[in-house]
Amino acid sequence: MNAQVHDIIMTVNGEETRATVDARKTLVDFLRDDAALTGSHIGCEHGVCGACSVRVDGAVVRGCLMLAVQCDGARVETIEGVAETDEITDLQEAFIARNALQCGYCTPGMLLTAQELLAAGGVPSREQIRVHLSGNYCRCTGYQAIVDAVEAVAQARHSSRETR
Amino acid sequence: MKITDDSPPTLSALDRPNSYIGRSVPRPNLARLTRGRAQFVSDVTLPRMAHVAFVRSPHAHARITAIATAAAKTSPGVIAVVTGAELAKVITPWVGVLTHLKGIKSAPQHAIAVERACWQGEAVCAVVARTRAEAEDGCELVDVGYEELPAVTDAETALDAGTPVIHPELGDNLTFERVLVAGDPDQGFKDADVVVETTFVFGRHTGVTNEARAIVADWNSGDERLTVYQGTQAPHMMQNLFAKHLGLEEHQVRVLTKDVGGSFGIKVHTYADEMATVALSKLLKRPIKFVADRIESFVTDIHARDHRVKAKIGVKSDGSITAWEIDDLTGIGPYSVYPRTSGIEANQIVNLTGGPYTCPNYRARARVVFQNKNVMCQYRAVGHPIATAVTEGLVELAAAQIGMDPLEIRRRNLIPDDAHPSSGPSGIKFEALSHHESLAHLDAMMNYAGLRAEQKRLRAQGIYRGIGFASFVEVTNPSAAFYGIGGAKISAQDGVTIRLDAQGAIICQTGVTEQGQGAEAVIAQVAASSFGVPIDRVRIITGDTDNTPYGGGTWASRAAGIGGEAAWQAGKALRANVLACAASILQAKPENLDIRNGAIVDSGTGTERLPLHELARIAYFRPDTLPPGFQAELMATRHYVPRAWPFAFTNGIQASYLEVDTESGFVTLLKHWCVEDCGTVINPQLVDEQIRGGVVQGLGGALFEHCIYDERGQLTNGNMADYLVPMAAEMPDIEIGHVVTPTADSELGAKGAGEAGTAGAPGAVMNAINDALRPLGAKPLTDMPFTPGRILQALDRV
């Protein structure tokens, strides 16, 4: 197979990244294999499990359903980049305190997806949290601890806004 | 929501000052997992590493007539194309049998099929290339000639005279059969006022680990050593098998297990493609990586369950159970999986059926047959969900027949809490169980009477809710009785080595492994408590055959109970060594000293005498100042294996509360409860989360998960869009309670907790669905998974 290649430039976790990629290469394969950012994981490779969730221009997307060439010029954020900022420190701490991860394979995608809900503001109900996370597969926890952790952070962020 | 423990800490007589036993200490390895800084095997890359992809049989059963590899060999990036016959020169085949499963038989299985493929998905050729994508391109250019053979797919007819025999040299398609008669079942059924008979069916399902199986094998011809990075539950077992089949000594093989993205029994077996990967590394003398993709996972990760159980119970009108009978049939694919065999699940069903109850009259037969589907083997809670659903399904159907409350019939038949030691109908031995206390705890926790009132009130409004229960026993802490006595080199014992570092922290090396259960946390808690340091002064090393004591790994709920006890003993041994050293420095008697919170103290007053870092400084850097003839030994190893009992049985009871939409057939899970007795609870949060995760895996099998094969042996739903797994929106909150009956086999008293959730959940859900639909006259549902279609069929709506 004579793969077509493309030159792309994207901002990955704030760093300008230039690469020549096969047209067929998915974003998550590019991040893992070319950018050596292995925090984004591959689970199902067809958009069901959410392990490869990353942010592209601020929106959480499936890294297995986007091609790297589609991200030419885009701003891509992975768990490694988000974890370097303070954005989800409280959420990470809540996950640890509540043991909301066991093997941890789903965790990067779960954190980014949960943060998307939390960033919308308000205090979602447990049911709303469950529905928002319903595209992220976790085989280990049974989900309750994850819902607990997200709920706790939503409440804590809400009360800190109230008292400000 | 407050982040707190579900259960108060339980303190035992063993507790030392500053004990961490019974406390929900956060796991030491979590922060990196939340920051994208874990290292899963699928993340590993090595210099000169190449990738392998496999050409896999599209047929369930076919003779391989030719393999044309020339086009693939010239494909860009391709390094080698290797057939089964070529690889068989590097790696020997294996046969998955154990001597204690009398009569079990299987055929030699190759790393890559030679001459014949026996299931859809079996590898028939390997393509090694610079990248996985290029290896897959090469696979498309391999031209395999197949002559399709008749496929044996239906377990029911696998033993019929007209059915082809998959391995003619074995004589028939029977892998294993076990027959057991205990007590007097014939008399028991004669004594019954009511006999309930039905057939339970359990769909084939699989583990769907979020990280697929992954392996990187690196044969270094200079060192003549093979280093294997593998997502496995049992590194020493794999070391033995790689060495054995590659013709190496075990010391030439190092297995390294880093972060593992889920296991659940999926990653404790020998997989042909993983064996092929290590053989390819030896053949090509460079690192080779294989990561299964999701379709490969579905067609090659072991499947489980797929049992058909004809079952019968006799009861008197006062509720007393008089007899049990089961006839189990299961199809396990074309090979018994190596080295644990595919006979264990059926064997467990014979062992566990009727287990919680006093009735001794029991007849059982289990037959395990070959078929041309993917292989089946041990997956979380092996046999338990089936034995429990059969037993508990029979009990609740019988209760309904005689008009007795389902908790009441259990109160009348469960083994009394003061009757131990005791045994189950099959003869399994129970050291101490707490069925009645657990049931009483559950009754109160769920407000059973209140729920029944709510159920009744809603039924009047046309809302159909059901309550179902499942009492269960769970096999944990296995001794050598599980595998060792059958000839498998799978260690039942485990070890922990603890050494004092030069700053007074302790380093623990352990043979148990971590795949998310929290084994590292538990070992750290126990070692910190036993030796006497703050837990942040403990580092755990696991998953490395070069650097840990020989051990079995983490499976069958053994890490806390067996690894934990080894850590407890190693901590005590090192404490004695350190106190001997301290006594010589302080001119004191060791028995008057203790180690608390990282310092040597007077055991009577608690007054600090010497910080550990100062002791370490003297022992390591100024041993010349110690008395002549005294040698400090600041490293200690202890091993542990259960000896008094073959298994540490635990027990518990679950309840499910759900609503069935009688128009759509959809089941909404409203709430789930589990009361469980795993003995000493080392970390309440970790125990509870093991149970919750296990319950949800059981719920998946009960409601969604099903590997659907057609009559030609083709898996028709091998992807995560068509094979449904539990997701957050469908799952209920799960309330956990504990009863604590420690095992006296160890000082720690901990039993396992990893299987309990999965063991009981399917039976509880089945009973709840049938409870909901009983007033509608629906035929009892006994065929898992309980899909909306099956529920509508039971209601005669479709």
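Visitor: Which strands and helix of chain B do the buried residues of H4(B) pack against?

Guide: This is a predicted model, where local features need pLDDT of at least 70, side-chain atom pairs count only at pLDDT 80 or more, and totals for chains, interfaces and linings use all residues. Residues are numbered from 1 along each chain as its sequence is written, and chains are lettered from A and ligands numbered from 1 in the order in which they are written. Helices (H or I, at least four residues) and strands (E, at least two) are DSSP runs, numbered from the N terminus. The buried residues of H4(B) pack against strand S1 (50–56), helix H2 (70–73), strand S3 (78–83) and strand S5 (123–129) of chain B.

Visitor: Which residues of helix H4 of chain B are buried?

Guide: Buried means 20 or more other C-beta atoms within 10 Å of the residue's own, with C-beta atoms placed from the backbone. Helix H4 of chain B covers residues 132–141. Its buried residues are B:Glu134, B:Ala135, B:Asp137, B:Gly138 and B:Cys139.

Visitor: Does H13(B) lie largely in the open or largely buried, and what number of its residues is buried?

Guide: H13(B) has twelve residues and lies largely in the open, because the number buried is one.
The expected span of a helix is 1.5 Å times one less than its number of residues. For residues 448–459 that gives 16 Å, and the end C-alpha atoms agree, at 16 Å apart. The buried count of H13(B) is one.

Visitor: Which helix gives the largest share of the side of chain A that touches chain B?

Guide: Contact means C-beta atoms, placed from the backbone, within 7 Å. Chain A brings 47 residues and chain B brings 46 residues. Helices H2 (79–84), H3 (89–97), H4 (107–119), H5 (126–132) and H6 (144–163) of chain A each supply at least two residues of chain A's side. The largest share, six residues, comes from H6(A).

Visitor: How far apart are the centres of domain 1 and domain 2 of chain A?

Guide: An automatic or database domain assignment sets the bounds. It gives domain 1 (5–82) and domain 2 (86–163) in chain A. In chain A, 13 residues of domain 1 are in contact with 13 residues of domain 2. Taken over C-alpha atoms, the centres are separated by 23 Å.

Visitor: Over which residues of chain B is the pLDDT below 50?

Guide: pLDDT is the predictor's confidence in each residue, from 0 to 100. Chain B has a mean of 96, and 98% of its residues reach 70 or more. The stretch below 50 has 23 contacts beyond near neighbours in sequence, and covers residues 1–11.

Methods. Contact = placed C-beta atoms within 7 Å.
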